[in-house]
Structure formats: structure tokens, C-alpha cells
Amino acid sequence: MGDNGENRDESGNQLESHSSLPFNSNGNRHSDDIQVPVNVDKDSPSDANDQNTSEHTVDKVPTIQKQPSSDSDMPESLNDNGISYEDGEADLIELLLAKQSGETAKLLDRLLGCAYGQALGDAYGLATEFEDRALVRQNYPDPAKLIPFPDYISTHHNRRWARGDWTDDTDQWILILETLMESDGDVQLFAKKLKSWIQKGYPELGDHGGMGLGANVSQVVHSTGYLTDPLAASEAVWIRSGRQAAPNGAVMRCSASALVHFQDKDKMTDTTMNMCKVTHFDPRCLASCLAVCLTITYLLNEKDENVDIESLIERAQKETIDILGDQLSTAHRDAFLWHTDKNRTLEDLNLDEPNSIGYTYKCLGSGFYGLRSNRSFEKTLNDLIRYGGDADTNGAVCGTMFGARYGYKKLPKEWLRVTPYKKWFDKKLIKCLKQMKIIN
């Protein structure tokens, strides 16, 4: 997969070379521009010439992200165990939850579920990312058994990450979290953080660069004037695509906006749209982000644990359409409703269709599948990633919506424990929750 889409944008146009990107010791780019093939999404009842691709890359293999090769390469923060938990060390989030009670405890559980459902869904989906269903069945022939985590089969693609680690989806989710904690949703700050991440990753975790960069984001971020006016640069790239590029790279990271601004729906809406437009200007990308963030906002403000989920979804669908108005064509609105319909199945979504695995509405449909699930997190995500395709991104959105509904306590503790950089993530989230005045 990816041979025909090499270094091309969503419309199949040749990407300009970015030779200024840093190289690692093996001579590979830290940020990879290879894309899956570009073609029409054949399952969507949208315009016949809609073209959509994955935000991720499959061919070049840089050094493993977040996995220093020797003690001498390891940052001091890793050496002094400031990043990962030691055996037997108390989990900061478990300690935090144990101190809470009443409505605060319920809210905190859902907020943390939103965050860690994202990270776990992303990490688990890496097991089958870019594979088709036939290969997944070959590798994991018994559908009654869970694909093991983190001990899934190592592949040319997933071995670039440490076992149990999340990918660029959650890295970019954290970039939004940081932006909203440091500013009032400043798009220039997010653009600066995104470009820095592409070049450096998170150095304190042993990164040498942001891995998994897609062609759409690459073109936008490397556009002239991007840091000065990122929205204008993003719109220009979208216009050059023929206004047809609608990949999933914004919806995969968007729930951070709902987590931070769930107490102010208008602020959440504005922030969600701006954080999307920094790289993705298509109305379908906006619709995907709005639907996810509105739904999560409603969930986080819901007092009744037995919420009527279908009524909540209908409310989110209607409000998304109302907000975007004429920006959504009739065909794109119908496609939006089709992908979020209660009767939509994973079979319907055709997630491994090779020419459209990264279509934003496929990822959106995966998220609403997770939201509606009555099964455990493990079984819900296992069923999803067995369909292959852009499985880590689908898993991230599925996981964040599941977590926002059911909470952190419904996530598998043993999976959380083996996430290699959870302690680092815990500290960021605790700082965020204190700033939001959710906890003292």
C-alpha cells in the first residue's frame, strides 16, 4: 500500500520536496511524507469525485519512536524514572481518583476516560494499521480471542513504536491540550507547536521527530506563511486540492477541545473548528470534529448515568448541521448522517477499502460505533481493529468516545499499566485538571 501515492497530496498532485527536514542517524527522514493511494471513497453517498486519504505513512521506516537505543542516548528524565512507572510504583491517576467522591468523581472519571480511551484506542489500533481484513484474519484467526496488547504481531510498520505506545494521533491530541492550557485557543501557537513536533517530536520521550506525518498536513505546515496565518495556508492547500481533500487527521485529535472547554459549549465549538482548520479546511472534517466534540461535551455535562444515547446523538447531529449550514453540501450532509446512523455497522463502513481508508467520515463512524457499544472496551476495540484500515486513528476516536461515556474505570487496567509513557501523560493531565479547577 502506498506505492502509487508516494509523496502526493489528497488530489494526487506531486508534493514539493522538503529537504530541510532533519535526518536521523540512519539517513531516514524523521517525518515521513509517503501516503496511501489516493482515490474516490466508494462507500459514501457523497459526490462521486470525493478524494480522501489516510493521514499516515507506511513505507519508509525511521528509527523507533520514543525508544532510545542505549543508556547514553536516554534523556535524563527517563534515567531518573520521571516518565515511566517502575514495577510496583503507585499510579498517579489511581491515587487521584481514590481521593474524589460524589459528582466530582463521576466527572473526573469521564474526563480521564476521554483522554485515556484516546491513547489506548490509538495504541491498540497500531496492531493492524494499514492491514486489510484478510491479513488480520490470517494473523489472528480466532475472532473469539482478543488481539493481544501490547504483544501483537510485530510488522514492518508498527515496530517503529515502542510496545504499547500511542502514535502521532495522540501526540497531536496532546499538542492541542498544551495549546489550550497555554493560550485562549491561539491558532498560531498550535501551528508553532505542530511544526516543532514534526521536527523534534517530544524529545523528553526520546523522540527524534514526529512520526506519521501525512501529505495534507505536510503541505499545509510547510506552506509559505503558515506560522503567520495558518488558517489561510490551510485553506489554500484545500483549494488547490479541488476542495476535495477530507482526511481524518483533524478528527483523530479533536476531543482535547471538548475535554478542556466542555463547560462552555460556544467556546468549545469555536476552538474545535479552529483547531481543525489549522490543517484541515474541508467542511466534512469540520463536521466530524464538531460531532465528536459536541457529543463528548453533552456527555461530560450529563448528570444521569442512564443517558438516552440516541437522543444525545440526534442532538449532536442536528447542531453540527446547523452550525455549518451551507458549508455542507446536501451530499456531504447526507453522508454525515449515513456514517453516524444508529444502524451503521462496521461492515458498512468498509474500513479497509484501500483507496479511502483515511476518509474522515469512516473515522467518525468508528467513533460513533464505540459510543454506542454495550460491550467492554477491549471487545469493542478488538472488533473494530479486526477490520484493519487506518486502525490506530479509528481506534483513537472510538476509544475517546467510549471513554467519555463509560469513564476511566471501564478501561482495562492492565493495558493502561503497560503504556510505556503513562506517567508522563498522567502529569500533563493532572496539571490540566488543576488549571481547569476540576481538582485542587
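Asp383 is partly exposed, with a relative accessible area of 24%, where buried means under 20% relative accessible area, exposed over 50%, and partly exposed in between, computed with a 1.4 Å probe on protein chains only. The model is a predicted one, in which local features need pLDDT of at least 70 and side-chain atom pairs count only at pLDDT 80 or more, while totals for chains, interfaces and linings use all residues. Residues are numbered from 1 along each chain as its sequence is written, and side-chain values use heavy atoms, with hydrogens and water left out.

Asp383 is the partner of Arg375 in a salt bridge whose closest N and O atoms are 2.2 Å apart; the term stands for a side-chain nitrogen of Lys or Arg within 4 Å of a carboxyl oxygen of Asp or Glu. Arg375 itself counts as partly exposed, at 42% relative accessibility. Side chains of opposite charge can pair when their charged atoms come close.

The structure holds 16 salt bridges, and one of them joins Lys267 to Asp184, with 2.6 Å between the closest N and O atoms. This pair links distant parts of the chain, 83 residues apart, since Lys267 sits in helix 10 (residues 265-277) and Asp184 in the loop between helix 5 and helix 6 (187-200); helices here are DSSP runs of H or I with at least four residues, numbered from the N terminus. Asp184 is exposed, its relative accessible area being 60%.

A further salt bridge connects Arg372 and Glu310, whose closest N and O atoms are 2.8 Å apart. Because Arg372 lies in helix 15 (residues 360-372) and Glu310 in helix 12 (residues 309-324), the pair ties together parts that are 62 residues apart in sequence. Arg372 is buried, at a relative accessible area of 17%, whereas Glu310 counts as partly exposed at 22%. Elsewhere, Glu178, Glu182, Lys193 and Lys428 are linked in a network of salt bridges.

Which residues surround Phe149, apart from its neighbours within four places in sequence? Phe149 is placed in the loop between helix 4 (133-139) and helix 5 (168-182), and it counts as buried because its relative accessibility is 10%. Beyond those sequence neighbours, Phe149 is in contact, meaning heavy atoms within 4.5 Å, with Leu120, Ala123, Tyr124, Gly164, Trp415 and Val418. The C-alpha atoms of Phe149 and Glu414 are separated by 9.3 Å, although the two residues are 265 residues apart along the chain.

Definitions and conventions: Helix = DSSP H or I, 4+ residues; strand = E, 2+ residues; numbered from the N terminus.
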